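Please read the points below with the sequence and the model open beside you. They take up local contacts, charges, surface patches and backbone angles in turn.

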Amino acid sequence: ANLFRQQESGLYAYGVFSDITREKQAENELLLKNQELMAAEEEIRANLEKLEEINVELENKNKGLVLAYEKLEENEKRYYTLFNSANDTIFLMKDNRFVECNKKTYQMFGVRHEEIINHTPSDFSPDIQPDGSKTKEKAREKINKVLKGKPQLFEWKHRKQNGELFDAV
């Protein structure tokens, strides 16, 4: 508005008015969006801090797992060294079948690895043991006792791959 003229009857002015409603709305929306962006930025910063903490925690756990894995490998090497250098036959069983055995077992039975794995003890024994018991029943009985935590020491008649019989304890 500007003063246009002065007269005895009063002052006269003229003015130009513009509707700035849209500009004000845009300004308010811009302020609101800016506040939302600032809040989102703060949330992102907080999440980044959490992620950094989680990353440090994961790195520490990973270091622990690497150490545990190295220790496991070391123990496994010791186990296999003892397992394969033992002067006695050692075999592992699952469901009444051989799943692993050491080198001495191959020598004693005159077999290769694949010729003994997945077989049962009775596959390498005569049908009847010297005490008159049936091999399959007696083997099942001894294995069940071991599975119940009762160690077993017994004599057993075995058969090599070539059919030759031998005694074992």
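1. A polar contact is here a pair of N or O atoms within 3.5 Å, where within protein one atom must be able to donate a hydrogen and the other to accept it, and where residues adjacent in sequence count only if both atoms are side-chain atoms. Such a contact, of 2.5 Å, joins the side chains of aspartate 19 and threonine 21. This is a predicted model, in which local features need pLDDT of at least 70 and side-chain atom pairs count only at pLDDT 80 or more, while totals for chains, interfaces and linings use all residues. Residues are numbered from 1 along each chain as its sequence is written, and side-chain values use heavy atoms, with hydrogens and water left out.

2. Aspartate 19 is found in the loop between β2 (10-14) and α1, where helices (H or I, at least four residues) and strands (E, at least two) are DSSP runs numbered from the N terminus. With a relative accessible area of 62%, aspartate 19 is exposed; in this note buried means under 20% relative accessible area, exposed means over 50%, and partly exposed lies in between (1.4 Å probe, protein chains only). Between aspartate 19 and glutamine 161 there are 142 residues in sequence and 106 Å in space, taken from C-alpha to C-alpha.

3. Asparagine 102 lies in the loop between β4 (97-101) and α2 (103-109), whereas threonine 105 lies in helix α2. Asparagine 102 counts as buried because its relative accessibility is 0%, and threonine 105 likewise counts as buried at 0% relative accessibility.

4. How many salt bridges does a search of the whole structure find? The search finds 10, a salt bridge being a side-chain nitrogen of Lys or Arg within 4 Å of a carboxyl oxygen of Asp or Glu. One of them pairs lysine 157 with aspartate 167, with 2.8 Å from N to O. Lysine 157 lies in strand β5 (residues 156-159) and aspartate 167 in strand β6 (residues 165-168), so this pair ties together parts that are 10 residues apart in sequence. Aspartate 167 counts as exposed, at 58% relative accessibility.

5. Glutamate 141 pairs with lysine 145, their closest N and O atoms being 3.5 Å apart, and both residues lie in helix α4 (residues 135-147), 4 residues apart, which is about one turn of the helix. Glutamate 141 is partly exposed at 39% relative accessible area, and lysine 145 is partly exposed at 31%. Arginine 112 forms a salt bridge with glutamate 115, where the closest N and O atoms are 3.5 Å apart. Arginine 112 is exposed, with a relative accessible area of 51%, while glutamate 115 is partly exposed at 22%.

6. Which residues form the negative surface patch? Glu42, Glu49, Glu52 and Glu53 form it. Patches are made of residues with over 30% relative accessible area and no salt bridge, like charges being joined within 9 Å and nonpolar side chains (Val, Leu, Ile, Met, Phe, Trp, Tyr) within 5 Å. Lys and Arg count as positive and Asp and Glu as negative, with His and the chain ends not counted; the place of a charge is taken as NZ of Lys, CZ of Arg, CG of Asp or CD of Glu. Glutamate 42 is placed in helix α1 (residues 21-85) and, at 48% relative accessibility, counts as partly exposed.

7. A nonpolar patch on the surface is formed by Ile44, Leu48, Leu51, Ile54 and Leu58, which together have about 480 Å² of accessible area. Accessible areas come from the Shrake-Rupley method with a 1.4 Å probe, and for residues only the protein chains shown count as cover. Leucine 58 has its place in helix α1.

8. Finally, the backbone angles. Most residues other than glycine have a negative phi. Asparagine 96, however, has a positive phi near 65°; it is found in the loop between β3 (91-94) and β4 and is partly exposed, with a relative accessible area of 29%. Asparagine 118 also has a positive phi, near 75°, and is found in the loop between α3 (113-116) and α4.
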